[in-house]
Protein chains: 2
Amino acid sequence: MLIIKTTKELIKWRNQCQHFVDLVPTMGALHAGHLSLCEAIKSKTQPDEKRYLVLSIYINPKQFDNLNDLNNYPSTIDEDLRLCRESNVDVLFIPESSDMYAADTSVSVNENCLSLSLCGATRPGHFDGVCLVVSKLFNLVRPSRVAFGKKDFQQIAIIKRLIRDLSYPIELIAVATKREADGLAMSSRNLRLSKEQRAKSALIYAALQSAKNTNTSSSQELCIDEIGRKLEQELSALEFKIDYLTVVNVDTLKSCSSLDSKALLVIACFIGQIRLIDSIMLHD
Amino acid sequence: MLIIKTTKELIKWRNQCQHFVDLVPTMGALHAGHLSLCEAIKSKTQPDEKRYLVLSIYINPKQFDNLNDLNNYPSTIDEDLRLCRESNVDVLFIPESSDMYAADTSVSVNENCLSLSLCGATRPGHFDGVCLVVSKLFNLVRPSRVAFGKKDFQQIAIIKRLIRDLSYPIELIAVATKREADGLAMSSRNLRLSKEQRAKSALIYAALQSAKNTNTSSSQELCIDEIGRKLEQELSALEFKIDYLTVVNVDTLKSCSSLDSKALLVIACFIGQIRLIDSIMLHD
């Protein structure tokens, strides 16, 4: 595995690379969710096809709306290196912030529709930061495929839009959310949960599943408002502080008025200081 | 010469292309100024190096702040084809607007510092449109070199910033303004000048040169305010309507307080309905 630490080196490597390149952008603190992104992207490669897999680790300060969250974002670089080697990553790109952003950076990349609601409403500037860093990684790595996890459903919708609207010749591979044995969606932020919080967090996905099953098992469909109300009561009773809890169309992120095949039940909630998100398709 | 009319075909061509690619983005109505961009970029190629030159022709509606200007923008496609063939363009890319922009486009690329003054102040949204279309062309064509004309000095400063801040591995080649025999800076918009207006337009560059010579020939440097005042009087007397007339640092576009090696005297003025820009370095 080649470890590249500067944008200059990366450009040099990329200019010499004659094959197609895949990209898995991460902020490190790698877990099985990230590894499933690598697996998913590699599974698309034909046996006789030579491609390179670039995994980037960069805690992008511009996508943090909260300095406390940035400062507490976990970093486990030795373990990350081990996991990248095990996952047959070809190039690990770990740039420094001074290399990624000039002090007088003045160009922004903004998505002005899908990014306004849900996490975008609670985390102002977050998706602007995501769009900026993803554009930079696309330009440096010039991948033909990129993998993102479905846990960040809004990020996926926005990056798909970024790819379309900026004419990137890149295929986005959306990978199913990887979960712990008890159902909690894997997230680097889970490392920050106390033992008690960690145990309780499993109830988020259990509640989503229960809402889905209630809906699909009843002969008559529950209305969306009723699903939401019931779930909100359940989770609030467990002292989760709900940020949003709603059913949206998975592509447009607009409120779903009918329980169709695009209906995605989405939640963001706080457990103590830690914000967790999860989602479930209401029809599989 | 290969003529490519869709983004899909262009991506296919680019994915198969094993060599480095150069790009000259234009809005058509090609003239010797555009050809000098092709020559400048080709002159950088080593004799034994195989590269492809892509020239794009696309009248980008998003960079027009004025519908009248968009509707009257000249189009001379047969002549453009001839000139491209003569200039050894390898690929001519002429996309349709329906292919370039989805109806619900929601991603923007903005430069938020250099674009605020000068032409940016008079033409709101113009440079946002430029940044968007140039990003799209960069992503589709993936050039390693791109040529722009120095006549659009603000555009060059902004695209340099775009390249830096979005980490494009692209070298910008800034090419000297090509002029008519009487000194008028070549521009597709010159086609719209009446005979009388065309004759008078030559006086813009003559006035810039005169300001430069007054400055460099006097034993004591004239102050910038004085140069500006004198020039404004001269041109206003000729019924040019001045939009801006100032001395800026060629890189930062900030007002120049001393006549140093970066000092660029810039002008935008209207002659009838037609807006012309020009500039001159005060020290060569």
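## Two chains around one axis

Of the residues of chain B, Val109(B) lies closest to the rotation axis, with its C-alpha at 2.3 Å. The contact surface is shared by both copies, since 100% of the contact residues of chain B recur in chain A. Keep in mind as you explore that this is a predicted model.

**How the copies are related**
- Chain B is superposed on chain A by a rotation of 180° with 0.0 Å of shift along the axis, and the RMSD is 0.0 Å.
- The two copies are therefore related as by a two-fold rotation axis.

**Where the chains meet**
- Chain B gives 27 residues to the contact, and chain A gives 27 residues too.
- On the side of chain B that touches chain A, the elements giving two or more residues are α1 (7–16), β5 (107–111), α7 (126–141) and α8 (153–165).
- β5(B) provides the largest share of that side, five residues.
- Sorted by class, this side of chain B has eleven nonpolar, ten polar and six charged residues.

**A strand pair across the chains**
- Strand β5 of chain A (residues 107–111) pairs with β5(B) in the antiparallel sense, over five bridges.
- Look for Val107(A), which stands opposite Glu111(B) in β5(B).

**Two helices within chain A**
- Helix α7(A) (residues 126–141) and helix α8(A) (residues 153–165) have axes that come within 11 Å and cross at roughly 50°.
- That angle makes α7(A) oblique to α8(A).
- The crossing of α7(A) past α8(A) is right-handed.
- Residues making this contact include Phe127(A) and Val130(A) of α7(A), and Ile158(A) and Leu162(A) of α8(A).
- By class, the contact of α7(A) with α8(A) has seven nonpolar, two polar and no charged residues.

Terms used:
Residues numbered from 1 in each chain as written. Chains lettered and ligands numbered in written order. Predicted model: local features only at pLDDT ≥ 70, side-chain atom pairs only at ≥ 80, totals over all residues. Least-squares fit on C-alpha atoms with pLDDT ≥ 70 in both. Contact = placed C-beta atoms within 7 Å. Axes fitted to C-alpha atoms, helices over the stretch in contact; angles between N-to-C directions. Helix = DSSP H or I, 4+ residues; strand = E, 2+ residues; numbered from the N terminus. Parallel < 35°, antiparallel > 145°, perpendicular 65-115°, else oblique. Left-handed = near helix turned anticlockwise from the far one by under 90°. Nonpolar A, V, L, I, M, F, W, Y, C, P; charged D, E, K, R; others polar. Pairing = 2+ DSSP bridges.
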